[in-house]
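Visitor: I would like to walk through this two-chain model with you. Where shall we begin?

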Amino acid sequence: MKQQHMLSHGLILGVFCLGFGALLAVTDMLTAKDISARALEDRLNSLSQVIPTTLHDNNLVKDAIVMKNEHGKEITVYRATKEGQITGLAYEIFGSGYGGEIKLMLGIDATGKILGVRALAHKETPGLGDKIDAKKGDWILRFSGLSLGNPPVEKWKVKKDGGQFDQFAGATITPRGVVGAIKKGLEFYAANKEQMIDFGAPKASAKEEH
Amino acid sequence: MTAEYKTIVRDGLWDNNGVLAMLLGMCPTMAMTNSATNGLGMGLATAVVMAASSLLVSLFRSRITQEVRIPVFILIVASMVTLVDLCMNAWMHELYKVLGLFIPLIVSNCLPLARLEAFAAKEPVLPSFMDGLFMGAGFTLALTAIGAVREITGSGTLFSDASLLLGPAFKFMEMQLMASDKGVLMMILPPGGFLVTGLLVVGKRMLDVRAGKAIQMGGAHSAA
């Protein structure tokens with residue numbers, strides 16, 4: 001008798017699992033296409049903040065390549081071209097902040113001048129370190145137009161460390177991490193320029209397809 | 001019939017409020033109330049999931065045996081959360097960008113589970129749906145209140161970014177009550193959550209005492 005009970009409980013649970021599993025599978029099938037389209041839109045949207053859309057006539061995501069950065073981490077390098085000429089590059093850079101890693105997107109033109117920087121993800125203290133977010137303050141906008149020689153390399157630090165960038169009230173570690181990340185990002189381009197603007201290299205999108 | 005619904009509404013919003021009376025769902029309550037808008041968003045997402053899962057559990061209540069009810073309840077809540085998550089991501093993407101963060105957190109909320117066990121597993125479909133909806137509304141109310149207190153004292157604003165959640169028409173809700181650097185930072189950090197929640201629970205009980213009502217001690221079991 002008890003055995004029969006166990007069986008019927010298992011059966012009930014199984015039927016519910018099957019039913020809701022099927023429901024979720026159908027929902028996933030119905031939404032998958034829209035979700036990936038939205039994700040692509042989001043990516044293009046965030047890229048347009050660091051590479052102005054007037055600068056390119058190609059699809060940034062399609063012409064992206066995957067590279068290893070100085071820490072051996074794989075990053076996607078998005079490349080902007082206009083009439084076949086390379087006009088800009090955008091890639092993720094990483095800094096260490098007060099609450100862990102700060103992930104930023106750096107956009108530069110072909111000469112290495114910064115087009116824009118945006119914080120993508122961070123865990124900095126709300127109200128203090130989170131001013132690096134373009135939504136919370138305009139601090140991050142000050143980097144546009146700068147490059148590795150302007151200011152000189154030794155001035156690519158926060159003021160507290162003898163550099164030229166303002167830290168903000170109550171937070172030094174966050175700006176220090178961001179300035180350091182941008183400097184390293186520019187140096188990465190200086191060291192790998194050839195590879196980054198080489199259009200013979202295999203594309204990231206081709207790699208994703210198979 | 002109407003008296004029954006009146007009780008359901010009163011219970012959900014005030015008398016047996018999920019957060020302020022039963023002290024359930026503390027995980028999302030602490031995590032998502034650093035601003036009134038976040039509290040509101042978390043509350044609304046939870047209310048949708050609660051109403052849907054209460055409805056389903058009540059619908060299948062005669063089929064679910066006592067022994068396997070807990071896994072089935074969890075299955076239903078988790079399925080509803082995933083369903084809402086996928087659909088919003090695909091078709092309400094702007095809203096998803098704001099709320100998306102909160103939705104998976106609903107699974108970690110024991111309030112839906114408590115209401116399924118205490119109410120939906122025994123009652124007919126419509127009252128169960130109403131119970132889920134109004135318990136969710138009460139949860140929204142409590143989270144928004146806690147969020148508002150923390151946001152005002154911590155960042156000096158009220159309902160900041162509400163237009164991202166509710167649409168541009170709600171821009172008028174966004175208020176700057178004092179200079180942003182005058183706020184007490186602790187209030188938007190985790191300790192503020194515990195402090196404000198505790199104070200609001202005390203506040204609710206004082207109001208109840210003044211109204212001459214018996215305080216529901218311990219909460220969850222008295223509802224069960």
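Guide: Begin with a definition: two strands pair if DSSP finds at least two bridges between them. Keep in mind that this is a predicted model.

Visitor: What is the strand order in the open sheet of chain A?
Guide: The sheet is open and has five strands. Their pairing is antiparallel. The order is E1-E2-E3-E4-E5.

Visitor: Which strands of chain A stand at the edges?
Guide: An edge strand has a single partner strand, so one side of it is left without a neighbour in the sheet. Across this sheet, neighbouring strands are turned by 30 degrees against each other on average, direction ignored. The edge strands are E1 (65-68) and E5 of chain A.

Visitor: At what angle does H2(A) run to E3(A)?
Guide: H2(A) covers residues 173-196. This helix lies across E1, E2, E3, E4 and E5 of chain A. Its angle to E3(A) is about 140 degrees.

Visitor: Is A:Glu83 buried or exposed?
Guide: A:Glu83 lies in the loop between E2 (74-82) and E3 (85-97) of chain A. Its phi is near 50 degrees, a positive value in a residue other than glycine. A:Glu83 has 8, so it is exposed.

Visitor: And B:Phe159, is it buried or exposed?
Guide: Phi of B:Phe159 is also positive, near 55 degrees, and the residue is not glycine. B:Phe159 lies in the loop between strand E1 (157-158) and helix H8 (162-166) of chain B. The cut-off for burial is 20 or more other C-beta atoms within 10 Å. B:Phe159 has 23, so it is buried.

Visitor: Which helix of chain B gives the most to the side that touches chain A?
Guide: The interface has 23 residues of chain B in contact with 16 residues of chain A. By class, the chain B side has 13 nonpolar, eight polar and two charged residues. With 12 residues, the helix that gives the most is H4 (residues 69-91) of chain B.

Visitor: How are H4(B) and H6(B) oriented to each other?
Guide: H6(B) spans residues 110-120, and the two axes lie 10 Å apart at about 130 degrees. The crossing is right-handed. B:Phe73, B:Ile74 and B:Val77 of H4(B) meet B:Pro112, B:Leu113, B:Leu116 and B:Glu117 of H6(B). Angles over 145 degrees count as roughly antiparallel and 65 to 115 as roughly perpendicular, so H4(B) and H6(B) are oblique.

Visitor: And how are H3(B) and H7(B) oriented to each other?
Guide: The axes of H3(B), residues 36-59, and H7(B), residues 125-155, come within 7 Å and cross at roughly 165 degrees. H3(B) passes H7(B) in a right-handed crossing. Their contact has 18 nonpolar, 13 polar and two charged residues. Over 145 degrees is the cut-off, so these helices are roughly antiparallel.

Definitions and conventions
Residues numbered from 1 in each chain as written. Chains lettered and ligands numbered in written order. Predicted model: local features only at pLDDT ≥ 70, side-chain atom pairs only at ≥ 80, totals over all residues. Contact = placed C-beta atoms within 7 Å. Helix = DSSP H or I, 4+ residues; strand = E, 2+ residues; numbered from the N terminus. Nonpolar A, V, L, I, M, F, W, Y, C, P; charged D, E, K, R; others polar. Axes fitted to C-alpha atoms, helices over the stretch in contact; angles between N-to-C directions. Parallel < 35°, antiparallel > 145°, perpendicular 65-115°, else oblique. Left-handed = near helix turned anticlockwise from the far one by under 90°. Buried ≥ 20, exposed ≤ 12 C-beta atoms within 10 Å, placed from the backbone.
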